[in-house]
Every structure is written in structure tokens, then in C-alpha cells.
Amino acid sequence: MRLRPPSRRTAALGTAVVAVVVAAPAAHAAPGAPGTRPSFCQHDNRSTPFAQYLCAEPGELLDVRIGDVHPTQPSLGYDEVYYKLGRYTLGKDAINKKFSDWCEADGRIDAATVLPGARLDDPSSFTCQLPVGAETAGSITPMKTVVIGPHGEPFLTDGHHTLTSFYETPDGGADLHVRLRVLANFSNLTRQAFWDQMQAHKWVYLRDPEGNPVAVNKLPTGVGLANFSNDKYRGLLYFGRDIGYTQNDLPFQEFYWGSWVRDANPVDLSDWDPNDLGSYLATVKSLTRAMTALPKDAVVDSGFSAADLDALDQWNAGKAANKGEFDKLSKPYSDPKPGKLAYALEYERVHALG
């Protein structure tokens, strides 16, 4: 997630709730002197399974077991996860990208050293570019985010695809830890008040891949592919990043674009074969061209305009199809540096998922 200065829309949302952030990252320190608790905790739930998260402060970089996080969306674009898993298990990188992705997610930029046989679940086997405590404003920008809910339960608000990829990779799993940036602590609220606040801030997405409403008690309770339905439009949109739009700090940005693809029918998808690289590329190309052709004030979905959702001014940032991001995406798996689509399709082929 790329952070920006708050827009008027973001600022307006921020005034709706008391004691909500997004604040500058707090120093990573104990929440209080022995025997004391921060005043905002205002409860005594130390016996909860999530007690270690109860008093996390807004802006804190909180160490979280990924099996503990509660999703705030009902579906994933499976193809994005397949790309990541393809890169992690079939990749051609000198340093496996899973270590770079983990270090970036942890607020420490990139992998620095990786020992032979290194594993994500063995932190001693690799190092990140920054040590813990040396994070910068720039290094925390890509971090995934969490809101602390009733009884301390951590609700993931960004990073469902990334954490699911860590969960699914062979040296990951539910017990893998990564730090998340805390947006707010609502642990002292009732369940109803908590969900009211989450919806007020648009920190929850409650539509299934067909656009039908989803009740909050029907959301998945953990990450992992088996817990989510597959939103093929959300998966398609992932491969259009920096070709038709730029990812921004609006939660669920690509779901809003996906809803537009499904409901507005901007392009004909009847010939789209998601198992064929050429067909998939052609679909990405036509869709992203339609995105960049939209007037900036055109409403895409849920009141958000093309400008709100960061449609690019020019397709592929003004570059020809054999240049820029579209050219990178087009590389086949046989290339020394395959494109994201090629990795996704190869992973599906190897695992007979297509």
C-alpha cells in the first residue's frame, strides 16, 4: 500500500471517529510501566486469546502471528496469489522474492542476505536491509495494516493476498510472524460498535464476487486460499497495475475497479481464456485502455471516481506495448525474467489448478 498525504476524502473519514489514526509510527516500546495499562484500553480482557494485541497503539508496528488475523473481505483474486506462489516456488531470482516480500511487509525494505537453505519460518537464516528499530517513513509505507477489534482480535485491513501467500508457501503457515502497522485500536468497543466504525472508515469490504452483500459474520476468520472465494475480476485487475491505474492508499481499491468490470461491462470478456497467456494479456490490454479512457470525474463504483481510483492519464504510462509495465507483464515463463502472468499460469499448470 502506497501512502499519500490525506486527501479531503480521507480527512473527512478521519474526523468521524475519536482516537483513530493514521499517526506517525510509535516507538516500539512496552505499552506502560509494570502494573499499568494505557488509558484507552479501558477493559480487563487479559485472558483473551488475543491478549498480546489488546493495547497496541495507533501507528505501532505490531508483531502478529498471521494465523491470528481476521480478514475484512470475503474474496481474493486467486491469480495474484498464484503469481506470488509461482515466484516463491518456481522463481528464477538470485534471491527468492519471498524474502524480499517479507522484509518489505515487515517495514525493512528488502532482503539483504539469505543463507543457503533459508526459510521464512527461520528468521536467523536471512536478514533485511534495515534492522528492527531502524525503520523509516519510506520503509513503513508498503507495510500491511491492521485494526485491533473487540477482545484484542486483529482485523487485517490491507495485505490479504500477501499474508495468504505467506500462509500457503511451504516454509510459511499460520505460525509465521510479520509486523503490521496499527491503524486504530477499537478493542474497547462492542461488536456492533466496532463494525459500525469499520464501515464508517471503509475498512471492510462486504460484497462477494457477484456483487451480493456479505454479512460481517460471514467473513472468513483467517487467511489462506481455502477461506476465500475467488474474485476473477479482482485477479484480473492486479495485472493492470501501472498500466491502467496506479495502486493508492484507498482500501479495496482494486475491488471497486473489479465491480466496474463486472457491472459496467466496459470490455467484452466472452473470449477471455484465463488459462492462456495471449488471451489473458489481450484482456488486460483492452481493459486497461478502457480505464485510461474514462473521464477523471466518471463514477466507477461506490461513489469513487476514476481520479479517486487513480486511473492513469495515458495507457501504459504513455509507453508503447513493447515498453514499460505492459512489456514486463508480457514476458513468457521461458524468459529469464518472466512476467507476473506467466508465473501465475505456470503455478496453476504445475499444480493442475487451471
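**A walk through the predicted model**

Aspartate 313 has a relative accessibility of 64% and therefore counts as exposed. Exposed here means over 50% relative accessible area, buried means under 20%, and partly exposed lies in between, with a 1.4 Å probe and protein chains only. The model is predicted, so local features need pLDDT of at least 70 and side-chain atom pairs count only at pLDDT 80 or more, while totals for chains, interfaces and linings use all residues. Residues are numbered from 1 along each chain as its sequence is written, and side-chain values use heavy atoms, leaving out hydrogens and water.

Aspartate 313 forms a salt bridge with lysine 296, and the closest N and O atoms of the pair are 3.1 Å apart. Lysine 296, at 30% relative accessibility, counts as partly exposed. A salt bridge is a side-chain nitrogen of Lys or Arg within 4 Å of a carboxyl oxygen of Asp or Glu. By this rule there are 19 salt bridges.

Now the protein as a whole. Its secondary structure consists of 11 helices and 10 strands; these are DSSP runs numbered from the N terminus, with helices (H or I) of at least four residues and strands (E) of at least two. Of the 354 residues, 52% are buried. The protein exposes about 15,700 Å², and carbon and sulfur atoms supply 51% of that area; accessible areas come from the Shrake-Rupley method with a 1.4 Å probe, and for residues only the protein chains shown count as cover. Where residues at least 6 apart in sequence are in contact, 69% of the contacts join residues at least 24 apart. Contact means heavy atoms within 4.5 Å.

One part to look at is an open sheet of 4 strands, ordered 1-7-5-6, with mixed pairing. Strand 1 (61-65) and strand 6 (154-158) form the edges and have a single partner strand each, so one side of each has no neighbour in the sheet. On average, neighbouring strands of this sheet are turned by 50° against each other, direction ignored. Two strands pair if DSSP finds at least two bridges between them. Angles run from 0 to 180 degrees between N-to-C directions, and axes are lines fitted to C-alpha atoms, for helices over the stretch in contact.

Threonine 145 takes part on both sides: its bridge partner in strand 7 is arginine 181, and its bridge partner in strand 6 is aspartate 158. From strand 5, Thr145 and Val147 point one way and Val146 and Ile148 the other way, and all are buried. The hairpin of strand 5 and strand 6 has 5 residues between the strands, and in this hairpin histidine 151 takes a positive phi near 65°.

Helix 5 lies across strand 6 and strand 7 and runs at about 115° to strand 6. Helix 6 (residues 191-200) packs on the sheet and touches strand 5 and strand 6; its direction makes about 10° with that of strand 6.

Helix 3 (residues 97-105) is largely enclosed by the rest of the structure, because 7 of its 9 residues are buried. Those buried are Lys98, Phe99, Ser100, Asp101, Trp102, Cys103 and Ala105. The elements that cover them include helix 2 (78-90), helix 5 (160-168) and strand 7 (177-185). At the start of helix 3, a side-chain oxygen of asparagine 96 comes to within 2.9 Å of the backbone nitrogen of lysine 98. After helix 3 comes glycine 107, with a positive phi near 85°.

Back to the charged pairs. Glutamate 254 and arginine 234 form a salt bridge with their closest N and O atoms 3.1 Å apart. Glutamate 254 belongs to helix 8 (residues 253-264) and arginine 234 to helix 7 (residues 232-238), so this pair ties together parts that are 20 residues apart in sequence. Glutamate 254 counts as buried at 5% relative accessibility, and arginine 234 counts as buried at 5% relative accessibility. A network of salt bridges links Glu80, Arg234, Arg241 and Glu254.

How values were computed. Polar contact = N/O pair within 3.5 Å; in protein donor to acceptor, adjacent residues only side chain to side chain.
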